[in-house]
Amino acid sequence: MYTHSERLSKYIGSGGAMLDPHTTDQKFFGHGKLLLSGEYFVMDGASALALPTKVGQSLQVRYSPSFDPKLTWKSYDCHGNLWFEASFEFWRFQCTNDTVTPEAQVLQQLLIQARKQNAHFLRDEVDVEVITHLGFPRDWGLGSSSTLIYNLAQWAYISPFELLFNTQGGSGYDIACAQSQGPIMYQKKSSGPEWSQVGFNPSFKENLYFVHLNKKQNSRTAIEYYKAQRPHSPEVISNISRITDDLVRCSGLEEFEFLINAHEDIVASSLKLTTAKKNLFDDYWGSVKSLGAWGGDFALVSSTRSQVETEEYFTSKGHDVILPYEDLILSSPLNSEEFHGKTLH
């Protein structure tokens, strides 16, 4: 019998995003995320239920005296392989590599924005080495960008939301997940993001699995598609928020399946999209809920049959990554009423 961490290590190796506790380096860590409800419409004020993952991304910073300061950045994947390396000067954060990759350009944009938010960021006469470790495969869509932005903001002593909104955009729920220790209710209001930790810890979680769809979605493209469909009915946004509230409080699998099926129908009809179940798993016995940007990354599925039978079904469809809910999601220590409505900072 495998433990949760042993099952997960099949896919992420034994390295991951663990921080070395024996160094004096600065260390930061952000959790990954999955969005259970409110996708797309969270950008227009709908309440969303978001799930921080046990895995995430770490960032360590090391300083050494220098007369010609530079920033060296190295990023490792969950198997310990170096997948990105770049150096930057401090004046305008120009990349000094012979070839400037798109990833280096994105990082430069984040560094420039961080300097705008904190004029003292990286002004000292020191060389800086940054090392990041991702705790999940890069194509899983669990938040490699959001955990990077959150960690970078913690390092620079700035708001991660402002850093996100002024660079990549989005709702910001993933930034809230990066710093949360359990499921959250998230809402983007005109006054700013608000979120609260909720006691979503379903008693039927042994009936829930996450299936990787092997089609990583570009979040920016998905956001642009959603915006092109505007304006959206206030009634749709209200119904999405009501489902989110009910999901937090539901006590049985049958009610949960009813709610996620209703959510799928609303999003599909509003955005002229096809549900994952109809598109990929029309003969599946349980419910299927798209997560985040539709068509890629993960789907949540419910099943009253055995884990072996459930895994065999999705494997036969070409999807080999099937994770039990409890293996991936941070469990809330709260009951369904505690902390509901309280904003955490």
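Analyst: The expected span of a helix is 1.5 Å times one less than its number of residues. Helices (H or I, at least four residues) and strands (E, at least two) are DSSP runs, numbered from the N terminus. The model is predicted: local features need pLDDT of at least 70, side-chain atom pairs count only at pLDDT 80 or more, and totals for chains, interfaces and linings use all residues. Residues are numbered from 1 along each chain as its sequence is written, and side-chain values use heavy atoms, with hydrogens and water left out.

User: How far apart are the end C-alpha atoms of helix α2 (residues 102-117)?

Analyst: Helix α2 has 16 residues, which at 1.5 Å a residue should span 22 Å.

User: Against which elements do the buried residues of α2 pack?

Analyst: Buried means under 20% relative accessible area, exposed over 50%, and partly exposed in between (1.4 Å probe, protein chains only). The buried residues of α2 include Ala-104, Leu-107, Leu-111 and Arg-115. Contact means heavy atoms within 4.5 Å. The packing partners of these buried residues are β3 (70-76), β4 (82-89), α3 and α4.

User: Are α7 and α8 roughly parallel or roughly antiparallel?

Analyst: Axes are lines fitted to C-alpha atoms, for helices over the stretch in contact, and angles run from 0 to 180 degrees between N-to-C directions. The axes of α7 and α8 come within 10 Å and cross at roughly 160°. Angles under 35 degrees count as roughly parallel, over 145 as roughly antiparallel, 65 to 115 as roughly perpendicular and the rest as oblique. The crossing angle therefore makes α7 and α8 roughly antiparallel.

User: Is Tyr-157 buried or exposed?

Analyst: Tyr-157 is in the loop between α3 (144-156) and α4 (160-165). Its phi is near 60°, a positive value in a residue other than glycine. Because its relative accessibility is 69%, Tyr-157 counts as exposed.

User: What is the relative accessibility of Lys-272?

Analyst: Lys-272 lies in the loop between α8 (253-271) and α9 (276-280). Phi of Lys-272 is near 60°, a positive value in a residue other than glycine. Lys-272 counts as exposed because its relative accessibility is 66%.

User: What is omega for the peptide bond from Arg-230 to Pro-231?

Analyst: Pro-231 is in the loop between α6 (219-228) and α7 (234-249). The peptide bond from Arg-230 to Pro-231 is cis, with omega near 5°.
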